[in-house]
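Please open the model in your viewer and keep the sequence panel beside it. The stops below can be selected one after another.

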Amino acid sequence: MKFYRQLKQIDAITFDLDDTLYDNRPVIVRTELETMAFLRQYHPALATIETEELRQVRLELRDDNPEIYHDVSAWRQKAIHHVMRRRGMTEAGAILGAQAAMDNFDHWRSLIDVPQETHDTLSALGKRWPLVAITNGNANPDLCGLSPYFEFTLRAGRDGRAKPWDDMYQLAAEKLSRPLANILHVGDDLTTDVAGAIRCGMQACWINPHNGNLLEIDDSRLLPHIEISQLASLTALL
């Protein structure tokens with residue numbers, strides 16, 4: 001554990017989900033493959049669909065409405081709907097199809113292999129502090145066994161703009177009835193998690209499992225209070 005700023009009293013801890021509590025990369029790769037397989041077999045009009053087509057539609061939607069990126073699930077569902085309509089499906093069929101595709105996506109997206117270290121660490125920390133999940137993504141803690149550790153989960157789109165905007169950080173403090181200055185946020189992203197948390201007045205812990213150099217990483221903006229290489233290091237704060 002490395003210290004860059006003096007820690008104040010900690011009254012609660014908030015956590016990012018993806019790549020903080022588990023490795024999200026294989027989850028996304030598998031989910032994308034399963035999503036495309038589902039779409040190709042769902043309707044004859046989609047039999048030749050490729051990932052690039054869906055990606056381009058997503059970019060078009062973001063160009064038309066930059067704020068759409070705050071809710072990644074709604075953005076994805078709208079993109080699928082657009083692709084279905086462009087390929088000749090009826091409006092009613094595209095609405096049903098986009099929802100079916102998202103149901104399939106949600107299933108695979110939440111089949112996450114959560115390390116035992118994560119369970120053990122959250123269990124230990126939760127005996128002392130209230131814990132909260134704050135995510136820009138669409139993994140469902142209820143489906144991967146993480147929700148019992150959290151007082152609640154805040155999700156971008158549904159609960160405010162995506163990190164590093166301070167909407168969800170502020171909401172977490174309000175719901176916890178704790179000062180922002182006494183909440184420690186833990187995450188892997190130096191922009192959304194570290195800089196976002198610090199700029200709104202929270203304390204920040206950067207989890208750096210790949211031994212990156214904080215002074216050489218391009219997206220390093222603000223120094224975290226502490227840096228750890230594995231989640232279990234947080235138990236040293238107990």
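Select helix α7 together with α6 (167–176), β5 (183–187) and β6 (203–207), against which the buried residues of α7 pack; helices (H or I, at least four residues) and strands (E, at least two) are DSSP runs numbered from the N terminus, and buried means under 20% relative accessible area, exposed over 50%, and partly exposed in between (1.4 Å probe, protein chains only). This is a predicted model, in which local features need pLDDT of at least 70 and side-chain atom pairs count only at pLDDT 80 or more, whereas totals for chains, interfaces and linings use all residues. Residues are numbered from 1 along each chain as its sequence is written, and side-chain values use heavy atoms, with hydrogens and water left out.

Colour residues 190–199 next: eight of the ten residues of α7 are buried, among them Leu-190, Val-194 and Ile-198. At the N-terminal end, Asp-189 caps the helix, with a side-chain oxygen 2.8 Å from the backbone nitrogen of Thr-191, while just after α7 Gly-201 takes a positive phi of about 105°.

Move on to Phe-150, which, leaving aside neighbours within four places in sequence, is in contact (heavy atoms within 4.5 Å) with Phe-15, Leu-17, Leu-21, Leu-122, Leu-131, Val-132 and Ala-133.

Finally, show Leu-223, in the loop between β6 and β7; Leu-223 is partly exposed, with a relative accessible area of 34%.

Technical notes. Polar contact = N/O pair within 3.5 Å; in protein donor to acceptor, adjacent residues only side chain to side chain.
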